[in-house]
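Visitor: I am new to this structure. Please pick one part and take me through it closely, step by step.

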Amino acid sequence: MAERSFAHEVRKLRTGAGDTLSGEGILAVTKALLQSGVAYVGGYQGAPISHLMDVLGDAHEILEELGVYFENSASEATAAAMLAASVNYPLRGAVTFKSTVGTNVASDALANLSSGGVRGGALVIVGEDYGEGSSIMQERSHAFAMKSQMWLLDPRPNIEAIVNAVEAGFELSEASSTPVMLQLRLRSCHLYGSFTAKDNVRPPMTVKDAVENPSRQLDRIVLPPASFLHEKEKIEDRWPAAVEYITSHGLNEVLGAGTSDVGIIVQGGVYNTLNRAMELLGVSDAYGNTQVPTYVMNVTYPVVDAEILDFVADKRAVLLLEEGQPDYIEQNLNAILRRAGSDVALHGKDLLPVAGEYTATVVTQALHAFLSKYLPGTVAERPALLLPHSDPGSPFAPRVEASVVRTRPPGLCTGCPERPIFSALKLAEKETGKKHHVSADIGCHLFAINEPFNLGATTMGYGLGSAGAAALNSKDADRRTVAVMGDGGFWHNGLTSGVGNAVFNQSDQLLLVVDNAYSAATGGQDVLSSRADSALRSTKHPIEKAVRGIGVTWARTVTNTYKIGELKDLFVKALTTKEPGPKVIVAQSECQLNKQRREKPQRAKAIKEGKRVVKERFGVDADTCTGDHACIRVSGCPSLSIKANPDPMRTDPVATVLDSCVGCGVCGANAHAASLCPSFYRSDLVFNPTWRDRTLAWLRARWIGALSLGVERRADRFEPAEVN
Ligand SMILES: O=C(O)C(=O)Cc1c[nH]c2ccccc12
């Protein structure tokens, strides 16, 4: 079950010609695919396009009605290879994944696809995760477009422009026999807006037609001598055909009504930020009405030389806004201008940051510098963000001492079943007296690198936790290396690149597979080993069976990670057993976020219907808490906090459990397994109690009251202290 359901929104995909469709970017992209007569769709979830996969999944009925094939690909490589269907057949296909990481994974297939070229339009929709809020290394998809010669569309963050880009993307792909990458930045995927819909188009040829009429062209297969021909074709045929299509269909836009001899060139995806900066400087309004001519590159690769030369022909100076590095476009523009003998002044990374997101702040600062030099009369406003940070009027002026601000690194959720796993591993290390090198992986479990666990030294890519431990395997060492992988990473590629590799090379590593039943970090999508039934996919394939199938002999599955003591004992066994080859522990418990998403509405409904519902909660007895906070140090649960000590004789704050507690019990189990303290208690919150509940509660209250009578009587013998 994915984190968001689009079951309601997907109905809008039936919107007919002429009607207005309002919604989120990802919904608009899906509608645009259907309007384009797409024949098949695939992909792998990852921010910021996770929800595009979820929309497609929820839209399966509409897709089936139209004869569109949809697959949840095993990885981005699988998704990209799926586009092979467009090489021999006039089938339009689209795949989507997170970039640059997914593009890294897909690059083998993408390079082969681009070499042979395509007959049917092939669209690769990449969710560009660059800049503030990103979860990955900072790189540009642009490099992949250039290296494999795929055209790169970077439409303005505007629903209509995005829909147009999907439709034009297929046409451009077919006109130039080249796959097209459509870059959707974070802010485009979740942008809201509306556009005038067209009717959905049943693909003129479906995958069924193709399967029943197999055909092939030998010169499209990547093998010499065809591969040399492909390289020639790319330059002599496909590139000029693409330029012709881009120019004749006006994919790039010149905005700004003015005739000024100073202009701006901007990547489509950065246009909204540019306009915001212009608005702040009084050079434009919220709707983009400006006198400064702006060339918007909705296609960032290839750069169309003639359009650039045309734009700069009557200008003294232009400013290029190109986010990220290397500055491929700037280098390209400089070459174009130099070859043409143009003397226009080209500014870009000299005024803007070389790397990092082009936020409204940095763009406003650079634009201010540029316009102040070339068009000083146009700058009508001086926004406060131009002030130095030392000026109290600056929005960035320090308001609190930097030293008192605590960092807030990402961490595991309240009730996360992964927390007890890492607590148990820490306790096992304590018991054996040996610290281990831990090779981490992509997924929620990577948060174990932070306090309070501090476990994990590297992360090399999705499903590469085990492979990342490959070299750290020594027959002479007195301990083994620990590798971590999630169920998502395991099925993405970890089974072969990690487990198979470890078996083959007789690695001594301990591999911990954190199996929370979903690809949780990408939004809770199902994987092969998901334990829920799925109407669309085949699930319930146990990870232990897979690792045994590939040759692992020491493998154990734990079905309740909250039993910290048992898990600790198993870790000790796995770390000390003499069994050769990789040792694998599959630690299973359901992702708490997904569990709450499922159970909360059910619980609320039952309470409303007057049914008896028990909610488990944990608490700390302030009277017995010593205030040493050891419980917090081994858990790190966001619901475990501190409060002032109610005992006036004691100053240390005591531990407390916040209302966000979901009753997983890890705090108490930890305290018990680590022999910390007896202060934790469980309470059951009973909604709609029965007469039996009420009677029991009454009896308990009387009994506890009777037991504490002695204490009360003794307390009465003392005079209460005067408190002022
Ligand atoms: O969704 C995210 O933020 C991820 O990093 C997950 C992910 C999806 N596909 C990948 C390929 C390589 C590395 C990470 C991912």
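Guide: Start at Ser50. Leaving aside neighbours within four places in sequence, Ser50 is in contact with Gln45, Thr522 and Gln525. Keep in mind that this is a predicted model. Ser50 sits in helix H2, which covers residues 50–58. Is Ser50 buried or exposed? Its relative accessible area is 6%. Ser50 counts as buried because that value is under the 20% cut-off.

A polar atom in the side chain of Ser50 lies 2.7 Å from the backbone oxygen of Thr522. Thr522 also belongs to the residues around the ligand. So does Gln45, another contact of Ser50. That brings us to the ligand.

Domain 1 (15–248) and domain 3 (419–594) each give at least three residues to the shell.

Next, the atoms. Glu76 has a polar side-chain atom 2.6 Å from a nitrogen atom of the ligand. Lys98 has an N or O atom in its side chain 2.8 Å from a ligand oxygen. Ala47 uses its backbone instead: an N or O atom there lies 3.1 Å from an oxygen atom of the ligand. How much of the ligand does the protein bury? Taken alone, the ligand exposes 360 Å², and the protein buries 92% of that.

Step back to the whole chain. It is divided into domain 1 (15–248), domain 2 (253–386), domain 3 (419–594) and domain 4 (612–710).

One last stop is Glu544, in helix H18 (residues 543–549). Not counting residues up to four places away in sequence, Glu544 touches Ala555, Arg556, Thr557 and Val586. Take Ala555: eleven residues separate it from Glu544 in sequence, and their C-alpha atoms are 6.5 Å apart. Then take Thr557. Its side chain and that of Glu544 are joined by a polar contact of 2.4 Å.

Technical notes:
Residues are numbered from 1 along each chain as its sequence is written. This is a predicted model: local features need pLDDT of at least 70, side-chain atom pairs count only at pLDDT 80 or more; totals for chains, interfaces and linings use all residues. Side-chain values use heavy atoms; hydrogens and water are left out. A residue is near a molecule or strand if one of its heavy atoms lies within 4 Å of it. A polar contact is a pair of N or O atoms within 3.5 Å; within protein, one must be able to donate a hydrogen and the other to accept it, and residues adjacent in sequence count only if both atoms are side-chain atoms. Accessible areas come from the Shrake-Rupley method with a 1.4 Å probe; for residues, only the protein chains shown count as cover. Domain bounds come from an automatic or database domain assignment. Helices (H or I, at least four residues) and strands (E, at least two) are DSSP runs, numbered from the N terminus. Buried means under 20% relative accessible area, exposed over 50%, partly exposed in between (1.4 Å probe, protein chains only). Contact means heavy atoms within 4.5 Å.
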